[in-house]
Amino acid sequence: GAIVDVETVDSDEYALAQQIVEKTGVTYENVIAPGAFDQFINKLAGVPTTVFIDKNGKVVGEAVVGAKVEYKQHVEDYLNEQK
């Protein structure tokens, strides 16, 4: 996940994001990337939007807009393309 509205770790937004992560029990990686996602965010069609990023930081596949349960299929499709 990306905490895209957090500019620094010394901000109120960061403290709030930490509280939300703790209260919801999130176990996936959260990334603070101020500015890095600006161009991408401007193209978002809805929230939540899920983007898959490979180990090199490259966006792979298409963004999944909305709360979907088809993530597994997106991951499998990507992995099959890599063979």
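Does A17 count as buried or exposed, and at what relative accessibility?

**Whole chain**

Begin with the entire chain on display, bearing in mind that this is a predicted model. The chain contains 3 helices and 4 strands. Followed from the N terminus, these elements run β-α-β-α-β-β-α. Of the 83 residues, 11% count as buried. The accessible surface of the chain amounts to about 6700 Å², and 52% of that surface belongs to carbon and sulfur atoms. Among contacts with a separation of 6 or more, 30% are made by residues 24 or more positions apart.

**Confidence**

Next, colour the chain by pLDDT. The chain has a mean pLDDT of 75, with 76% of its residues at 70 or more. Select strand β1, residues 2-3, where confidence is lowest, at a mean of 58. Where pLDDT is low, the predicted coordinates should not be read in detail. Then select α1, where confidence is highest, at 86.

**Helix α1 and A17**

Keep helix α1, residues 12-24, selected and find A17 within this helix. A17 counts as buried because its relative accessibility is 12%, which lies under the 20% cut-off for that class. A17 and V6 stand 11 residues apart in sequence, and their C-alpha atoms are 8.2 Å apart in space.

**The second largest pocket**

Move on to the second largest pocket, whose volume is about 200 Å³. To display its lining, select F52, I53, D54, V60, G61, E62, H74, V75, D77, Y78 and E81. Which elements each supply at least two residues of this lining? They are β3 (49-53), β4 (59-65) and α3 (71-81). Helix α3 gives the largest share of the lining, 5 residues. Colouring the selection by class shows 5 nonpolar, 2 polar and 4 charged residues in the lining of this pocket.

**V60, on the pocket lining**

Finally, centre the view on V60, one of the residues that line the second largest pocket. V60 belongs to strand β4. Is V60 buried or exposed? V60 counts as buried, because its relative accessibility is 11%. Show the neighbours of V60 next: leaving aside residues up to four places away in sequence, V60 touches F52, I53, D54 and Y78. V60 and H74 are 14 residues apart along the chain, and their C-alpha atoms are separated by 9.7 Å.

Note on methods
Residues numbered from 1 in each chain as written. Predicted model: local features only at pLDDT ≥ 70, side-chain atom pairs only at ≥ 80, totals over all residues. Heavy atoms only, no water. 1 Å grid on protein atoms, 1.4 Å probe; cavity = no way out; pocket = protein on both sides within 12 Å on 5 of 7 lines; lining within 4 Å. Points joined across faces, edges and corners; volume = space filled by probe spheres on them. Nonpolar A, V, L, I, M, F, W, Y, C, P; charged D, E, K, R; others polar. Buried < 20%, exposed > 50% of the residue type's maximum accessible area, 1.4 Å probe, protein only. Contact = heavy atoms within 4.5 Å. Areas by Shrake-Rupley, 256 points an atom, 1.4 Å probe, with all protein chains shown as cover. pLDDT = per-residue confidence, 0-100.
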